[in-house]
Amino acid sequence: MPINRIILFVFLLVFIVLPFGGRTLDLYIDWLWFNELSQQQVFLTIFSSKLAVGLGAGLLTFFLIYLNLRIALRYKASGLPPQFINMTGIPNLENIIPRVGAIGTVLALFVALSYGMWAASQWQHVLLFFNETSFNHADPLFGRDFSFYTFRLPLFLDIQNWLFTTIGLSATILVPVYFLRGGVSVNPRGLYVDRPPKVHISILVGVLFLLKAWDYFLQRFQLLLEQRGVIFGASYADIHATLPALETLTVAAVVAGLLIIGISFRRGWKAPLTAAAVVVIGHFVGLSVLPDLLHKFKVVPNEIAAESTYIRHNI
């Protein structure tokens with residue numbers, strides 16, 4: 001049997017037959033159980049919801065990755081000599097280039113399949129979002145109705161995680177694709193990035209920072225949903241250190257994202273790299289160092305007095 005067919009067979013077995021085979025068996029067992037309880041409609045609702053959410057997320061994931069891949073594959077190096085492209089010593093590079101599209105498409109399908117299966121497991125978050133009911137009680141910190149944390153926030157977190165990972169994978173795939181197409185090259189003077197690859201990759205990186213800003217914004221609400229010791233919800237250090245840090249990082253990440261997108265059409269990287277460095281350093285200092293220092297030197301010496309307000313919120 002040719003080696004290509006063996007690879008294809010192993011791929012289908014490992015990534016399609018085995019995962020779907022196990023899920024098909026679980027699906028059949030669930031059907032038998034719901035049928036025994038005369039609750040077929042409940043089973044069909046769950047199944048159709050999983051199918052719609054998984055299929056939709058999978059198709060959107062494939063579309064985003066494949067669209068970026070096609071844009072990269074249409075790129076043609078502008079006047080670069082062949083020896084300028086492959087200075088890394090990679091053997092048989094000319095044989096790899098024609099297969100880049102096929103390899104990228106298979107990778108996009110695999111990622112789309114994986115995310116589709118993951119999204120299908122989050123079907124309840126979608127149904128909760130579209131069936132929101134007010135609790136008529138607001139949280140003490142942000143003044144939002146409790147229904148926001150039950151019906152909306154879980155789906156927002158899922159969407160942010162999906163977009164960030166998909167865009168991140170797209171940007172990661174583009175680097176070797178542009179390298180093989182001659183847009184990213186290594187030469188005796190160092191790294192060279194042609195204008196179209198620079199614009200494309202920079203836009204995706206800028207979008208990643210904007211999505212990270214959304215993540216910081218959503219993390220503010222998660223402070224009320226985390227348990228620290230015997231207290232459930234935000235503590236003194238969270239309110240006076242973590243929350244201000246998250247608000248600052250939200251603004252910093254937006255600025256960094258916009259600078260990276262804007263500078264992609266011009267020369268120079270000083271401003272966006274500085275903004276990105278501020279976000280990275282601020283993440284470590286604001287979300288790890290400052291809350292720990294505040295808790296150690298402000299809360300621990302008189303913990304009952306410092307935490308009394310937040311204990312009442314917990315109760």
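A charge is taken to sit over a ring if NZ of Lys or CZ of Arg is within 6 Å of the ring centre and within 35 degrees of the ring normal. In this predicted model, R220 lies over the face of F221, at 5.1 Å from the ring centre, and the charged end of K212 sits over the ring of Y216, 5.1 Å from its centre.

| Charged residue | Ring | Distance to ring centre |
|---|---|---|
| R220 | F221 | 5.1 Å |
| K212 | Y216 | 5.1 Å |

F221 also belongs to an aromatic cluster, which it forms together with F129, F130, F142, F148, Y149, F156, W214 and F217. The count of aromatic pairs in the model comes to 13. For F129 and F130 the ring centres are 5.2 Å apart and the planes stand at 85°, and because planes over 60 degrees apart count as edge-to-face, the pair falls in that class. With a relative accessible area of 25%, F129 is partly exposed, whereas F130, at 62%, is exposed.

Helix α7 covers residues 146-181, and F148, Y149 and F156 are among the members of the aromatic cluster. After α7 comes G182, a residue whose phi is positive, near 95°.

Key: Residues are numbered from 1 along each chain as its sequence is written. This is a predicted model: local features need pLDDT of at least 70, side-chain atom pairs count only at pLDDT 80 or more; totals for chains, interfaces and linings use all residues. Side-chain values use heavy atoms; hydrogens and water are left out. Helices (H or I, at least four residues) and strands (E, at least two) are DSSP runs, numbered from the N terminus. The expected span of a helix is 1.5 Å times one less than its number of residues. Rings of Phe, Tyr and Trp (its six-membered ring) pair if their centres lie within 6.5 Å; planes under 30 degrees apart count as stacked, over 60 as edge-to-face and the rest as tilted. Buried means under 20% relative accessible area, exposed over 50%, partly exposed in between (1.4 Å probe, protein chains only).
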